[in-house]
Amino acid sequence: RTGGVSSGAVQPTWVPFGSTVAHRRRLRFALDAYDSTWSSRLRQPTYSLGELINIEASVSTDPRLPLRVFVDECVASPSAAARLKYKVIADNG
């Protein structure tokens with residue numbers, strides 16, 4: 001036996017998630033916009049600069065592998081290739 005198992009909390013690590021294999025299945029990430037009451041998901045939201053945006057970031061995975069999503073940075077732009085970008089979330093949320 002070369003290792004031990006503990007029921008303690010997982011400690012933060014400096015290794016990026018992309019280089020860490022936590023599960024053999026792919027994870028599906030989603031970023032959804034909601035109305036001002038958080039009751040309805042918006043299909044094609046349009047916002048003006050300075051307007052409040054209700055965003056939910058989530059990940060779908062096996063229930064035996066509970067994960068939480070932390071968003072450090074998020075930008076909005078007219079298209080994925082556009083140089084024009086607006087910071088929606090900055091400085092680690």
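Leu 84 counts as partly exposed because its relative accessibility is 45%; buried means under 20% relative accessible area, exposed over 50%, and partly exposed in between (1.4 Å probe, protein chains only). The residue is found in the loop between strand E4 (74-76) and strand E5 (86-89). Strands here are DSSP runs (E, at least two residues), as are helices (H or I, at least four), numbered from the N terminus. Leu 84 also belongs to a nonpolar surface patch with Leu 49 and Tyr 86, and together these residues have about 350 Å² of accessible area. Patches are made of residues with over 30% relative accessible area and no salt bridge, with like charges joined within 9 Å and nonpolar side chains (Val, Leu, Ile, Met, Phe, Trp, Tyr) within 5 Å. Accessible areas come from the Shrake-Rupley method with a 1.4 Å probe; for residues, only the protein chains shown count as cover.

A word on the model itself: it is predicted, local features need pLDDT of at least 70, side-chain atom pairs count only at pLDDT 80 or more, and totals for chains, interfaces and linings use all residues. Residues are numbered from 1 along each chain as its sequence is written, and side-chain values use heavy atoms, leaving out hydrogens and water.

Now for the overall fold. The chain has five strands and zero helices, giving the pattern β-β-β-β-β along the sequence. Of its 93 residues, 10% count as buried. The chain exposes about 8,900 Å², and carbon and sulfur atoms supply 52% of that area. Among contacts (heavy atoms within 4.5 Å) between residues at least 6 apart in sequence, 31% join residues at least 24 apart.

Three of the strands form an open, antiparallel sheet in the order E2-E1-E3. Strand E2 (41-42) and strand E3 (54-60) are the edge strands, each pairing on one side only. Two strands pair if DSSP finds at least two bridges between them; E1 and E3 are joined by seven. Within this pairing, Arg 28 stands opposite Ser 60 in E3.

Strand E1 (residues 28-34) also holds Asp 32, which counts as buried because its relative accessibility is 18%. Setting aside residues up to four places away in sequence, Asp 32 touches Arg 41, Asn 54, Ile 55 and Glu 56. Its side chain meets that of Arg 41 in a salt bridge (3.4 Å, N to O). A salt bridge is a side-chain nitrogen of Lys or Arg within 4 Å of a carboxyl oxygen of Asp or Glu, and by this rule the count comes to one. Side chains of opposite charge can pair when their charged atoms come close.

Two loop residues deserve a visit too. Trp 38 sits in the loop between E1 and E2, and its phi is near 60 degrees, a positive value in a residue other than glycine. Most residues other than glycine have a negative phi. Asp 72 has its place in the loop between E3 and E4. Asp 72 and Asn 92 are 20 residues apart in sequence, yet their C-alpha atoms are 3.8 Å apart in space.

Here are accessibility values for some of the residues visited.

| Residue | Relative accessibility | Class |
|---|---|---|
| Asp 32 | 18% | buried |
| Arg 41 | 41% | partly exposed |
| Trp 38 | 45% | partly exposed |
| Asp 72 | 46% | partly exposed |
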